[in-house]
Amino acid sequence: MSYHLNASHTNFNKIMAFLYQIRADGTQVERWETGARPLVAGRGDCADAFVEDDALSRSHFLIVAEGEEFFLIDLNSSNGTWVNDARVTAHKLVSGEIIMAGESIFCFSKTPVSSVILPAAFLSLQSSDAARVRVRPG
């Protein structure tokens, strides 16, 4: 039996975005892609974006696409999720927004980036404050 892929029935232009874990100086620690499949960030083994940070919940927050937009949803985390210095339970994400969860800093972007310029409020953090990341196979 053979299979034929008909390009007219396949969406090759799928919406995609990126979640970066960053240090206080804006350099990238880790990068995860998200799109049609939701992305869970946390310290639990089932998290898609696994971060070694004891202040994170096992499943801390979720990023989900709806149409061409992306939304962050806090998953009833113990310490809360912050976007641009405001605590959120749900938030429509815009490229370049800074997410803080636990003691970790993240940046959301709809395009790949090599570094992030953090607002002055974040510059007082020490680069060692960013949690260590364990790479998980896809």
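User: Which strands form the open sheet, and in what order?

Analyst: In this predicted model, 5 strands form the open sheet, in the order S4-S3-S5-S6-S9 with mixed pairing. S4 and S9 are the edge strands, each with a single partner, so one side of each has no neighbour in the sheet. A strand here is a DSSP run of E with at least two residues, numbered from the N terminus.

User: Why are S3 and S4 called a pair?

Analyst: Two strands pair if DSSP finds at least two bridges between them. S3 and S4 run parallel and are joined by 2 bridges, so they meet the cut-off. In one of these contacts, Gly42 has Phe50 in S4 as its bridge partner.

User: What ground rules apply to all this?

Analyst: Residues are numbered from 1 along each chain as its sequence is written, and side-chain values use heavy atoms, leaving out hydrogens and water. As a predicted model, it needs pLDDT of at least 70 for local features and 80 or more for side-chain atom pairs, while totals for chains, interfaces and linings use all residues.

User: Where does pLDDT stay under 50?

Analyst: pLDDT is the predictor's confidence in each residue, from 0 to 100. It stays under 50 over residues 1-12, which have 3 contacts (heavy atoms within 4.5 Å) beyond four places in sequence. Residues 124-138 also stay under 50, and there the model has 32 such contacts. The mean pLDDT of the protein chain is 80, with 73% of its residues at 70 or more.

User: What makes Arg37 and Asp48 a salt bridge?

Analyst: The definition asks for a side-chain nitrogen of Lys or Arg within 4 Å of a carboxyl oxygen of Asp or Glu. Arg37 and Asp48 are 3.1 Å apart, N to O, so they qualify. Arg37 lies in the loop between S2 (28-34) and S3 (39-42), and Asp48 in the loop between S3 and S4 (49-50), so the pair ties together parts 11 residues apart in sequence.

User: What makes S11 mostly covered?

Analyst: In S11, 6 of its 6 residues are buried. Ser104, Phe106 and Phe108 point one way, and Ile105, Cys107 and Ser109 the other. S11 pairs with S1 in the antiparallel sense over 5 bridges, and Leu19 stands opposite Phe108. S10 also runs antiparallel to S11, joined by 4 bridges, with Ile98 and Cys107 as bridge partners. In the S10-S11 hairpin, with 2 residues between the strands, Gly102 takes a positive phi near 60 degrees.

User: Which residues touch the most other members of the largest nonpolar core?

Analyst: They are Leu19, Phe61, Ile99 and Phe106, in a core of 19 residues. S1 (17-22), S3, S5 (61-66), S6, S10 (98-101) and S11 (104-109) each supply at least two residues of this core. A nonpolar core is a set of buried Ala, Val, Leu, Ile, Met, Phe, Trp, Tyr and Cys residues joined through side-chain atoms within 4.5 Å. Beyond four places in sequence, Leu19 is in contact with residues including Trp32, Leu39, Phe61, Ile99 and Phe106. A second, separate core of 6 residues includes Phe18, Tyr20, Ile105 and Cys107.

Conventions. Buried < 20%, exposed > 50% of the residue type's maximum accessible area, 1.4 Å probe, protein only.
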